[in-house]
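Here is a short briefing on one protein chain. Please look over the sequence and the structure first.

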Amino acid sequence: MRFIDLFAGLGGFHLALCRLGHNCVFACELDETLRDVYEHNFGLRPAGDIRELRLGEIPDHDILCAGFPCQPFSKAGSQVGFDDPAWGDLLFDYALEIARLKQPRFLILENVPNFGRHRQQETWLRTYNKLRSLGYGVDSKLLSPHRYGTPQIRERMFIVGGLTGLRGFTWPQEVDNDGAFTLRDVLDPRPSNARHLSPQVARCLEAWQDLLRHFPRTAKLPSFPIWSMEFGADYPFEDETPHAFGLERLTAFRGMHGRPLADLPVDKIMEALPSYARVPERCFPHWKIQFIRQNRDFYREHHALLDSWLPQILPFPASYQKLEWNCQGEEPNIWRYVIQFRASGVRVKRPTTAPSLVAMTDTQVPIIGWERRYMTPRECARLQSLGELEHLPEPPVRAFKALGNAVNADLVELVARPLLETTSAAPPVGQLPLELAEVQMAPGAATA
């Protein structure tokens with residue numbers, strides 16, 4: 001069958017559908033570097049900005065694939081959804097407009113898991129109803145590679161559509177791993193091109209390791225994120241936020257790391273609170289209240305150890321001052337595990353799976369603790385099931401960004417195989433059943 005690859009990136013959809021024997025007749029990608037890489041890998045030059053295309057002139061096709069931009073829907077992005085001025089119109093005004101004009105037999109869409117939850121599911125329901133108004137049977141599911149044989153935890157929302165419905169379609173069955181695959185399976189043995197840790201990163205990890213080293217063996221390391229800025233703090237957080245409490249009254253309390261707020265000018269008080277406590281809201285969400293309470297209880301129980309250790313972590317940026325220890329019951333040695341620096345803190349995981357690749361900076365690439373190095377672009381490509389690609393972007397920072405945005409090719413293949421096996425009931429390209437040919441798209445139309 002013929003397929004198109006919208007917002008193509010590195011070509012995860014292309015690779016997966018070619019494995020199944022299908023033919024790409026059109027691709028588009030905004031980034032010129034990625035267009036070059038795509039052409040080198042597949043021999044097809046993607047078109048550029050989709051907004052500048054004549055959508056009616058896109059070739060007829062059986063399958064429309066789109067990993068549409070996630071920034072408007074991601075928890076790490078703007079979350080303004082379809083109102084995002086840069087990306088919000090790309091799904092409805094372009095990808096789904098192509099579906100209306102061309103009526104491909106199948107749709108395969110992919111986005112962040114928050115797409116299904118965004119604005120109390122309003123975003124997803126609007127999308128679902130639009131697809132139904134175009135005549136498609138629709139289904140969706142959250143999938144992560146680590147449940148299907150690839151050692152990366154990366155949950156994504158997959159949406160499938162079929163013009164003749166989805167009768168007989170089933171989502172892929174999860175694999176019972178039981179140690180059959182681990183992160184080590186995608187690693188090269190001490191690759192010469194691996195980037196080593198900066199002195200600041202190494203010192204930060206040594207500081208956290210020193211805390212783990214001296215933590216009582218009879219006590220259990222926290223399963224909640226450790227926020228060192230709560231050690232010694234007592235600003236109000238349960239009934240109202242510091243913003244609602246008022247600056248004048250806050251002078252009776254201590255801010256992050258126990259700093260007395262009375263010593264500060266009023267206009268500097270908020271700066272002495274953790275960034276997550278400065279929000280202009282009346283109340284914190286339940287999860288934040290719980291984390292603050294847990295960290296203050298943790299400090300009260302171990303204050304002697306934490307007070308002596310705290311000066312080691314103070315020189316680092318705020319995100320380095322938080323630790324997510326996801327290795328409960330394991331040896332408290334940070335260098336035995338996989339580490340990732342995130343905006344939410346330093347995340348430490350067992351070496352069975354890698355954390356989700358993110359399209360931010362190369363400082364967020366997973367660290368192989370036992371080799372004290374970052375993963376290479378080629379290793380990260382294997383996590384995205386893109387190891388077959390001969391070419392990746394240069395320099396490595398571009399590759400990491402593209403891989404963080406990529407769709408996992410193995411997951412696409414697992415979803416596409418059962419979906420496309422229903423072709424016997426579908427009409428050829430360009431020929432629609434009369435009742436579908438008469439469907440008219442109207443703004444806000446919905447037939448659930």
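The model is predicted. The protein chain holds 13 helices and 12 strands. Of its 448 residues, 53% count as buried.

**Overall make-up**

- The protein chain exposes about 20400 Å². Carbon and sulfur atoms supply 49% of that area.
- Among contacts in the protein chain with a separation of 6 or more, 67% join residues 24 or more positions apart.

- Strands pair through backbone hydrogen bonds, either parallel or antiparallel.
- Strand 1 (residues 2–6) and strand 2 run parallel and are joined by 4 bridges. Here I4 stands opposite F26 of strand 2.
- Strand 4 and strand 6 run antiparallel, with 6 bridges between them. N111 stands opposite M157 in strand 6.
- Strand 5 and strand 6 also run antiparallel, joined by 7 bridges. D139 stands opposite V160 in strand 6.

**Strand 6: covered on both faces**

- Strand 6 is mostly covered, with 7 of its 7 residues buried.
- In a regular strand, side chains alternate between the two faces of the sheet.
- On one side of strand 6 lie R156, F158, V160 and G162, and on the other M157, I159 and G161. Both sets are buried.

**Nonpolar cores**

- The largest nonpolar core has 85 residues. Those with the most contacts inside it are L183, L205, W208, F341, M375 and L386.
- L205 is in contact with L197, I334, W335, I339, F341 and V346, leaving aside neighbours within four places in sequence.
- Another core lies apart from the largest one and has 31 residues. Its members include F26, L55, A66 and L163.

**Helix 11**

- Which residues of helix 11 (residues 396–405) are buried? They are A399, F400, A402, L403 and G404.
- An α-helix has 3.6 residues a turn, so residues three or four places apart point the same way.
- Cover for the buried residues of helix 11 includes helix 2 (32–42) and helix 10 (377–383).

**R347: a buried arginine**

- R347 lies in strand 10 (residues 345–349).
- Is R347 buried or exposed? Its relative accessible area is 19%. The cut-off for buried is under 20%, so R347 counts as buried.
- The R347 side chain makes a polar contact with the side chain of E324, at 3.2 Å.
- Not counting residues up to four places away in sequence, R347 touches E324, N326, V338, I339, Q340 and R342.

Conventions
Residues numbered from 1 in each chain as written. Predicted model: local features only at pLDDT ≥ 70, side-chain atom pairs only at ≥ 80, totals over all residues. Heavy atoms only, no water. Core = buried A, V, L, I, M, F, W, Y, C linked by side-chain atoms within 4.5 Å. Buried < 20%, exposed > 50% of the residue type's maximum accessible area, 1.4 Å probe, protein only. Contact = heavy atoms within 4.5 Å. Helix = DSSP H or I, 4+ residues; strand = E, 2+ residues; numbered from the N terminus. Pairing = 2+ DSSP bridges. Polar contact = N/O pair within 3.5 Å; in protein donor to acceptor, adjacent residues only side chain to side chain. Areas by Shrake-Rupley, 256 points an atom, 1.4 Å probe, with all protein chains shown as cover.
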